[in-house]
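These are my notebook entries on one structure.

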Amino acid sequence: GQRPLTAADVQLNCDESMRLLPDAVKFWREKMSGIPLYGGIDWGQDSSKSHTVMFVGGYYQGKFRVIFAHRFVGAESDLRAQMEKICRIIDTFQLARVGVDYGGGLHPNDELLRKYGSQRIVRFQYSTPSVFMKWDSNLGRYIIHRSEVMSAIFNSIKRGTVYRFPAWKDFAQPFAADMLSIFSEYNEHMHMTQYKKSPNNTDDSFHALLFMTCASMMDVPRPDIFVPNAAIDRRLTD
């Protein structure tokens with residue numbers, strides 16, 4: 001398969017003045033005070049191939065800046081420890097909305113929904129609907145077209161005009177490495193490109209970024225990311 005991103009693509013989005021050190025994170029949190037901040041959580045499976053990752057970001061000077069990123073490992077692999085820290089992060093940053101992975105977090109999502117409500121905790125489920133993203137009122141979550149939405153985020157990173165990530169020295173491991181572990185394969189049966197991760201590698205950071213971006217679009221639509229495209233619409237409905 002082909003890799004949709006190169007290290008140069010990701011590094012193009014890195015801002016060397018943005019560090020993930022505690023003082024730097026606090027600086028950016030205070031700098032963006034009054035600006036809506038969003039979170040994204042991809043739930044891990046507590047194994048070497050999957051970790052829970054959380055991103056926090058918001059718009060500043062026209063760019064969606066990731067000002068905090070965290071992978072839960074070691075003692076934080078325990079779900080109770082994760083939940084306590086996630087709630088502290090939500091409260092500290094006063095997150096407007098948090099996009100969460102429906103598939104891997106049934107119990108923790110329920111806990112977050114009960115604490116923060118459905119307007120702030122937004123669940124996303126990967127599938128293959130006929131559009132990029134649609135709200136299912138019966139299920140109480142958004143259904144998003146996995147391949148198309150992933151493609152849109154990859155393209156946004158490659159353009160270098162949407163995001164600003166932390167300095168490469170902080171972001172390269174494990175966050176950028178997660179993004180670079182994904183490869184594409186064309187599925188002849190489904191007539192579409194599918195994305196998979198390399199064996200023994202993780203890709204959680206990319207999905208945390210994706211869920212955060214989707215949650216932000218409830219307040220800040222980005223037609224330049226999810227571009228209405230008649231050809232795509234026809235293909236999805238075939």
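**Entry 1: surface and overall form**

I began with accessible areas, which come from the Shrake-Rupley method with a 1.4 Å probe; for residues, only the protein chains shown count as cover. By this method the protein exposes about 11100 Å², and carbon and sulfur atoms supply 50% of that area. I noted that this is a predicted model, in which local features need pLDDT of at least 70 and side-chain atom pairs count only at pLDDT 80 or more, while totals for chains, interfaces and linings use all residues. I also noted that residues are numbered from 1 along each chain as its sequence is written, and that side-chain values use heavy atoms, with hydrogens and water left out.

Next I looked up the dimensions. Along the principal axes, the C-alpha atoms of the protein fill a box of roughly 50 × 40 × 35 Å. The radius of gyration is taken over C-alpha atoms, and the globule rule is 2.2 Å times the number of residues to the power 0.38. For 238 residues a compact globule would have a value near 18 Å, and the protein has 17 Å, which agrees.

How many of the residues count as buried? The term buried means under 20% relative accessible area, exposed means over 50%, and partly exposed lies in between (1.4 Å probe, protein chains only). Of the 238 residues, 54% count as buried. I then turned to contacts (heavy atoms within 4.5 Å). Among contacts with a separation of 6 or more, 65% come from residues 24 or more positions apart.

**Entry 2: confidence**

I looked up pLDDT, the predictor's confidence in each residue, from 0 to 100. The mean for the protein is 90, and 93% of its residues reach 70 or more. Over residues 229–238 the pLDDT is below 50, and this stretch has 10 contacts in the model beyond near neighbours in sequence. Where pLDDT is low, the predicted coordinates should not be read in detail.

**Entry 3: the sheet**

Helices (H or I, at least four residues) and strands (E, at least two) are DSSP runs, numbered from the N terminus. I found 8 helices and 10 strands in the protein. Two strands pair if DSSP finds at least two bridges between them.

In what order do the strands of the open sheet of 8 strands lie? The order is S6-S7-S5-S4-S1-S2-S3-S8, with mixed pairing. The edge strands are S6 (133–136) and S8 (163–164), each of which pairs on one side only.

I followed the parallel pairs across S5. Strand S4 (residues 97–101) pairs with S5 (residues 121–127) in the parallel sense over 4 bridges, and Asp101 stands opposite Phe124 in S5. S5 also pairs in the parallel sense with S7 (residues 141–145), again over 4 bridges; here Phe124 stands opposite Tyr142.

For an antiparallel pair I looked at S1 (residues 37–42) and S2 (residues 52–60), which are joined by 6 bridges. Gly39 has Val56 in S2 as its bridge partner.

**Entry 4: helices**

Is helix H7 (residues 204–216) close to or far from its expected span? The expected span of a helix is 1.5 Å times one less than its number of residues. H7 has 13 residues and reaches 19 Å from first to last C-alpha, close to the 18 Å expected. Because 13 of its 13 residues are buried, H7 is largely enclosed by the rest of the structure.

In helix H6 (residues 168–180) I found Pro174. A cis peptide bond joins Gln173 and Pro174, with omega about 0°.

Lys85 lies in helix H3 (residues 79–93). Leaving aside residues up to four places away in sequence, Lys85 touches His70, Phe72 and Glu76.

**Entry 5: three glutamines**

Gln2 is in the segment before helix H1 (7–12) and is exposed, with a relative accessible area of 63%. Not counting residues up to four places away in sequence, Gln2 touches Phe183 and Ser184. Gln2 and Phe183 are 181 residues apart along the chain, yet their C-alpha atoms are separated by 5.3 Å.

Gln61 lies in the loop between S2 and strand S3 (63–72). Its phi is near 50°, a positive value in a residue other than glycine, and at 63% relative accessibility Gln61 counts as exposed.

Gln94, in the loop between H3 and S4, has a positive phi of about 50° although it is not a glycine. At 57% relative accessibility, Gln94 counts as exposed.
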